[in-house]
Amino acid sequence: MNQVFQPPKPPYAVYSGVGKLRPSDYWTYFRAMRRNPLEVWGEHHFSIRLAPFRFLGRSSLIVNDPDAIHHCFVTRSDNFTMNPLRQAVLKPFLRDGLLTAEGETWSKARKAVSPVFTPRKVNAFAPQIRQVCEDAAAAFEAIDGRTIPVSDAMVDLTLDVLIETLFSGDEALDKARFTAGIHQLLEISGIPHPFDLAHLPGWIPRIGQGKSRRVIADLRRQVSGVAAQRRKAPSPEESGRAPDFLDLLLGAGLDDTAVTDNLLTFLAAGHETTARSLAWTLYLLSRAPDVRDRLEAEIDAAALDDTDPATWSQALPWTEAVIKESLRLYPSAPMLARTSREWDIVAGLPVPARTDVLVSTWLLHRQRDIWAEPDSFRPERFLGEAGKAIPRDAYLPFGLGPRVCIGARFAMMEMVIVLACLLRRVRFEFDGPRDPRPVMRITLQPDNEVPMRVSRRG
Ligand code: HEM
């Protein structure tokens, strides 16, 4: 008999009661927001469709209803613009890159960058991704029997993939210095500053952000240096090499600042999200041996060796369903946040101007009346007729509307290639004293390193 695995959730913050908030409740809320914003949601939030609330004089609306989400993010996307708190966290680093640009600047950038992400261009990255993954699989085989922090290992692997596909091992890039900078940034960023949580204006200096500013400035210098060198170098056609993201952005006619903003944006948007999703997937697989056995059998039977890795998702439907289910349970981009420009009505509810509209994919993906066994790991829900019956806009790991993730195809392809290359050769078994719980930073991270024993498959 199959045992369906239900991974543990974080605890909920305990307030003084239902009704009017007391001063101590503000403190409880504030501390939970700093520690792990997922703790502010109670069990009832998984059942409600709309929840308006006010905090420190600001109106917010939690939207868990697919039609209402469609209204705000698609139909009236012009009225629901980027949320100031999200911008305060991301904009200092990404400036006018695609993720953080707004208005006219964003439309122009999206138009310029879209040709870089056509299916043909994305598929062309598959052999490079495969090479990085085969090297990683060999390195994992070599540490047979050892226990490693898998979350960190996936951060390293996806950073290698991105550095390869962004710069193709360009000698102008000091990879060790660049990698160290990204790691430093991962350690110090992602937690909203208390002043931003309290909605204080951006001109008030945020104490303690000097270090991240220095790291960011150094990363920007490195990336723009590589871009400047590349402008002078022979083009991919002239030198007969496959183009990387840097070539494609230079070819899209962006100026130097926009190239730097967008390369850093691809790194920020595409690195940790993919790494965390892979770590969660490996953890789930190790806790659900039936699912893992079926995935290994699918990969072993698929005779992938001489095939184009861009086609592996079609050859490996179970593997793809496992990734989708992992993104449902642990959406690595756990919050879509917008702010209304003017008064509107959302699902019958009046929404004043300057209201923060919050879609927590953590809540939406576990909505009690949308998903059967919402907290269980059941990849089969994404196969065949069951997959087709999932309501529109109930599953949004890559967002929706005009600002939907431009790298979704790249990310799905990459994750299938990573799992196929690694799990053909090694198995990862959870080996920690306590199962990881999700913590919401900018991404949904495990609260521990996810120790897993690596063993060579026979
Ligand atoms: C598992 C991996 C990934 C997840 C879960 C993910 C998720 C998302 C989500 C939810 C958004 C929309 C954010 C919003 O509406 O506020 C987004 C936007 C974006 N993503 Fe991804 N992403 C992933 C991988 C990637 C990759 C690999 C790249 C690039 C190489 C990328 C580049 C972007 C960019 C540039 C945007 C901004 C698009 C715009 O605003 O026009 N993402 N991503």
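A crossing of two helices is left-handed if the near helix is turned anticlockwise from the far one by less than a right angle, and right-handed if clockwise. Helices (H or I, at least four residues) are DSSP runs, numbered from the N terminus. This is a predicted model, in which local features need pLDDT of at least 70 and side-chain atom pairs count only at pLDDT 80 or more, while totals for chains, interfaces and linings use all residues. Residues are numbered from 1 along each chain as its sequence is written.

Two packed helices are described by the angle between their axes and the distance between the axes. Axes are lines fitted to C-alpha atoms, for helices over the stretch in contact, and angles run from 0 to 180 degrees between N-to-C directions. For H14 and H20 the angle is about 40°, and the axes lie 11 Å apart. H14 is therefore oblique to H20; angles under 35 degrees count as roughly parallel, over 145 as roughly antiparallel, 65 to 115 as roughly perpendicular and the rest as oblique. The crossing of H14 and H20 is right-handed.

Helix H10 (residues 210-232) and H13 cross at roughly 120°, and their axes come within 9 Å. H10 is therefore oblique to H13. This crossing of H10 and H13 is right-handed.

Now turn to the ligand. Helix H13 (256-270), helix H14 (272-287) and helix H20 (408-425) each give at least two residues to the shell around it. H13 has the largest share, 4 residues.
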